[in-house]
Amino acid sequence: MISPMILELQDITFAYPQSAFTLRFERFEAAAGEAVAIVGPSGCGKTTLLQVAAGILTPQSGMVTIGGQSLTEKSGHARADFRLHHIGLVFQEFELVEHLTVRDNILLPLHLGLRDQEIRTRCEEMATLTGIARHLPRGARKLSQGERQRVAICRALAIAPQLILADEPTGNLDPANKRAALDLLIDRSRQNQSALVVATHDHDLLPAFDRVIDFSDLLHS
Amino acid sequence: MTGIPYLTWRYLRHRPLKSLLLTFAVALMIFLPLGVQTFVNESTRVLQNRAVTTPLLIGPKGSAIDLTLASLYFLPQQLEPVKYLTYKQIRALRQGTVIPLHTRFTAGDSPLVGTSLSYFEERQLKISDGRLFTRLGDCVLGADVATERDLKVGDHVISSPENVFDLAGVYPLKMRVAGILAPAHSPDDQAVFVDLKTAWIIEGIAHGHEDLAKPEAAEAVLERDGKNIAANASLREFTEVTDDNIASFHFHGNENDYPITSLLVFPTSEKSRALLLGRYETSTATAQIVIPAVSVRQLLDTLFSTKDLVFYGFLALAAASGLMLLIIFSLSLRLRERELSTYRKIGISRGRLAAIKIADLLVIMIAGAILAAAALAVTKSLAETLIPRLL
């Protein structure tokens with residue numbers, strides 16, 4: 001059975017203002033339940049690709065489609081609302097709010113306007129699965145780097161998204177936790193039939209993915 | 001609590017000192033100009049209330065404001081006394097209620113007011129405990145005097161000498177507390193009231209002493225000439241009026257010449273008022289008639305001539321503080337940039353982001369405004385009780 005395509009990026013061109021770097025490729029896609037890894041040297045544009053896919057950055061040309069909806073044709077407001085409800089993001093810098101508790105950080109989409117009360121249940125579930133349940137009432141600033149990374153993963157998964165975009169989601173974890181976190185991301189994406197795209201440097205983890213894309217090949221395609 | 005209110009609450013709690021300081025700054029910014037305005041308005045109201053309930057005032061020629069302050073607010077003023085005869089003359093005109101006042105003395109820090117029983121009726125003062133003075137040497141206490149000195153009916157109050165070195169003056173009079181007035185929120189609360197005749201005892205016009213005709217007073221007799229007995233310095237004068245010695249109290253001199261400070265006049269009609277005012281128009285009049293409301297207006301105009309200046313000064317200060325607050329808030333937004341950027345990346349709408357940006361400012365402004373409103377209410381209520389004391 002062919003899984004429906006969740007993420008499709010077509011003929012993308014993106015350049016930062018006043019920068020020589022230009023991201024340009026013909027096609028990138030990820031299907032429902034598929035786990036895709038993007039590898040490549042630092043600065044090659046992996047993070048930029050994820051941000052374009054999430055609608056945080058708007059490409060100068062090309063089309064971004066998620067679950068059949070064109071993100072590039074949506075207004076800024078609609079794009080933000082779509083991201084809030086359908087895209088789980090794990091940022092390289094975790095993007096936790098320091099003065100909030102761990103629980104509040106995981107529930108942040110709810111505080112920012114997500115209309116899904118199930119997130120509360122999933123918050124507790126994810127925290128248990130990632131081993132941070134005891135930290136839920138603690139302040140985010142009191143956590144170690146590894147714990148912060150797990151909170152970021154929990155936040156991305158708690159909204160049960162259509163698409164999970166993770167930028168180096170295991171970079172600060174020890175080998176055991178690294179494997180566990182990746183397994184959780186892959187299991188959840190398969191369970192929810194969502195697409196998982198992970199930018200990573202960690203070649204040990206690549207066998208777990210359905211597909212591995214070398215970013216250099218993508219740019220040359 | 002969820003959403004923006006929750007995020008705002010968490011942010012404010014995260015920086016409690018900053019939040020509190022900003023709240024107090026906003027409260028001060030609002031309170032200072034409005035507080036001055038409230039205090040001035042309340043002072044004006046309290047002062048004018050007292051003045052408008054006293055239609056006319058008769059007293060010695062000179063400053064009408066001094067006369068008003070001495071007679072309405074019992075403030076010590078250097079006033080020439082008027083004669084008791086004036087009281088008799090005005091009363092004989094039958095144009096209204098005439099009440100004599102004698103405000104020269106004090107009992108401790110409280111003004112000692114010699115007057116008649118009509119005073120309590122005209123000022124609508126009610127007794128909360130005991131009764132009005134019915135005997136020479138009795139006194140009635142204003143509510144605050146009784147509370148502050150913890151005095152009850154049956155206790156005693158002693159009149160104060162005019163100064164410490166008043167060796168030739170009269171002895172202090174020990175007065176029995178006959179009653180205590182209910183709070184009136186006026187200068188009456190701080191006064192000790194006595195009968196005019198009791199004030200005259202303190203003045204030295206009347207006194208009581210041992211009966212020189214009795215054998216036990218023989219040592220005090222200086223000379224006997226028929227029915228006249230002259231006493232020497234050892235004669236014991238009474239410093240308290242009691243049921244036993246009240247009969248020995250007697251007055252010297254002509255009653256018409258006895259001193260009073262002023263007369264409160266409550267005319268029966270507009271015509272009576274006009275007649276009384278006309279009586280003192282002539283340049284030959286030995287006393288003056290004053291409309292207290294006019295005197296108080298003049299006094300307030302003098303006192304608050306700088307009010308507008310102060311008000312605008314505080315307004316400028318408030319504007320400067322407002323600008324400072326805006327700068328602080330814009331700096332605070334820069335400090336929150338990382339947090340706001342996270343919200344943007346996760347997918348907050350532009351409207352919600354704007355709401356988050358101004359929510360803490362709004363909460364602080366509202367909290368500051370509530371604090372200022374509370375402070376204004378306290379100022380208003382304090383002004384009501386403090387202003388009569390400050391006078």
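A nonpolar core is a set of buried Ala, Val, Leu, Ile, Met, Phe, Trp, Tyr and Cys residues joined through C-beta atoms within 7 Å; a residue is buried if 20 or more other C-beta atoms lie within 10 Å of its own, exposed if 12 or fewer, and partly exposed in between, with C-beta atoms placed from the backbone. This is a predicted model, in which local features need pLDDT of at least 70 and side-chain atom pairs count only at pLDDT 80 or more, while totals for chains, interfaces and linings use all residues. Residues are numbered from 1 along each chain as its sequence is written, and chains are lettered from A and ligands numbered from 1 in the order in which they are written.

**The cores**
- In the largest nonpolar core, which has 78 residues, the members that touch the most others are A:Ala53, A:Ile106, A:Cys154, A:Leu165 and A:Val197.
- Helix α6 (residues 145-158) of chain A gives the most to this core, with seven residues.
- A second, separate core has 61 residues, including B:Tyr119 and B:Ile202.

**Chain A**
- Chain A has eight helices and nine strands; these are DSSP runs, numbered from the N terminus (helices: H or I, at least four residues; strands: E, at least two).
- Of the 221 residues in chain A, 48% are buried.
- Eight of the nine residues of helix α1 (residues 46-54) of chain A are buried, so this helix is largely enclosed by the rest of the structure.
- Just after α1(A) comes A:Gly55, with a positive phi of about 80°.

**A strand in chain B**
- Strand β1 (residues 56-60) of chain B is largely enclosed by the rest of the structure, because four of its five residues are buried.
- β1(B) pairs in the antiparallel sense with strand β16 (residues 262-267) of chain B over three bridges; strands pair if DSSP finds at least two bridges between them.
- β1(B) also pairs in the antiparallel sense with strand β17 (residues 287-290) of chain B, over four bridges.
- B:Leu57 has B:Leu264 as its bridge partner in β16(B) and stands opposite B:Val290 in β17(B).

**Where the chains meet**
- Contacts link 19 residues of chain A with 17 residues of chain B.
- On the side of chain A that touches chain B, α2(A) gives the most, with five residues.

How values were computed: Two residues are in contact if their C-beta atoms, placed from the backbone, lie within 7 Å.
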